[in-house]
Amino acid sequence: MHKAMVSRILVVFMACMGVLFSMNASAAQDPETIIRDNAKALMSKLDKKQGYYQQHEDELKQLVDETVSPIVDFRYVGASVMGKYFRAASPEQRSRFADVFKQTLIDTYAKGLVTFDYKTLSVPENQNTQRYEDQANVDMNVVSTKGKTYPVSYTLKQRDGQWKVVNVVVNGINLGLTFRNQFDQAMRDNNRDIDRVIEQWSPDVDLEDGSGNE
């Protein structure tokens with residue numbers, strides 16, 4: 001897999017998640033409306049500072065962390081990625097993997113953010129987002145300057161009065177499932193040594209071609 005492609009598609013994934021930053025304002029707000037109202041503002045803000053952030057990577061990582069952390073349930077996602085190994089893991093291992101998983105995504109996003117050639121973000125009108133009382137799906141399309149369209153679908157859960165992202169499907173690839181399969185493969189390759197797997201965690205997904213290690 002080409003790491004540049006991994007960086008590019010994670011930029012699509014996490015930049016789009018950034019538009020959900022204000023979702024903690026109210027549980028009653030419609031996720032579709034929130035995404036639509038905030039997408040242009042946030043991406044415009046980032047785009048205007050691309051040159052600056054190319055020279056200030058640490059500040060970019062801090063901005064990514066501050067933007068993404070409030071709207072993604074990394075502990076929920078981390079548990080899902082660990083899958084059947086979650087029960088056998090110690091509380092310390094569970095916490096450590098959640099932190100490592102979060103950091104790998106933030107680092108990858110920060111490296112690719114200033115170079116991704118997005119043109120437009122669009123949220124289809126009148127989506128039936130609410131699957132259950134505490135769960136919603138929201139679709140978005142990201143179009144690059146070369147005309148490539150990346151369909152993005154978010155799964156969000158309502159927790160403590162807030163909507164949080166728990167999974168994303170990008171370009172037909174379910175990131176949660178793909179990462180879970182990679183974690184399972186890493187455990188088998190390392191004789192079920194969970195500490196070693198956590199230390200070496202480095203997700204590899206080529207979503208630009210619509211393929212992943214599933």
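A salt bridge is taken here as a side-chain nitrogen of Lys or Arg within 4 Å of a carboxyl oxygen of Asp or Glu. The structure is a predicted model, in which local features need pLDDT of at least 70 and side-chain atom pairs count only at pLDDT 80 or more, while totals for chains, interfaces and linings use all residues. Residues are numbered from 1 along each chain as its sequence is written, and side-chain values use heavy atoms, with hydrogens and water left out.

By the salt-bridge rule the count is 9. One of them joins R159 to D73, with the closest N and O atoms 3.1 Å apart. This pair links distant parts of the chain: R159 belongs to strand 4 (residues 149-159), D73 to the loop between helix 4 and helix 5 (74-82), and 86 residues separate them. Helices (H or I, at least four residues) and strands (E, at least two) are DSSP runs, numbered from the N terminus. R159 is partly exposed at 32% relative accessibility, whereas D73 is buried at 15%; buried means under 20% relative accessible area, exposed over 50%, and partly exposed in between (1.4 Å probe, protein chains only).

A salt bridge of 3.7 Å, N to O, connects the side chains of D134 and K157. D134 lies in the loop between strand 2 (130-132) and strand 3 (135-144) and K157 in strand 4, so the pair ties together parts that are 23 residues apart in sequence. Here D134 is partly exposed at 33% and K157 is buried at 14%. D65 and K102 also meet in a salt bridge, at 3.3 Å from N to O. D65 sits in helix 4 (residues 57-68) and K102 in helix 6 (residues 91-113), 37 residues apart. Elsewhere, K84, D184 and R188 are linked in a network of salt bridges.

The aromatic side chains form 9 pairs. Rings of Phe, Tyr and Trp (its six-membered ring) pair if their centres lie within 6.5 Å; planes under 30 degrees apart count as stacked, over 60 as edge-to-face and the rest as tilted. The rings of Y52 and Y53 have centres 5.5 Å apart and planes at 75°, so this pair is edge-to-face. Y52 is partly exposed, at 34%, and Y53 is buried, at 10%. F97 and F101 form a tilted pair, 5.9 Å centre to centre with 40° between the planes. Both lie in helix 6, 4 residues apart, about one turn of the helix, and both are buried. F97 and F101 belong to one aromatic cluster with Y85, F179, F183 and W201.
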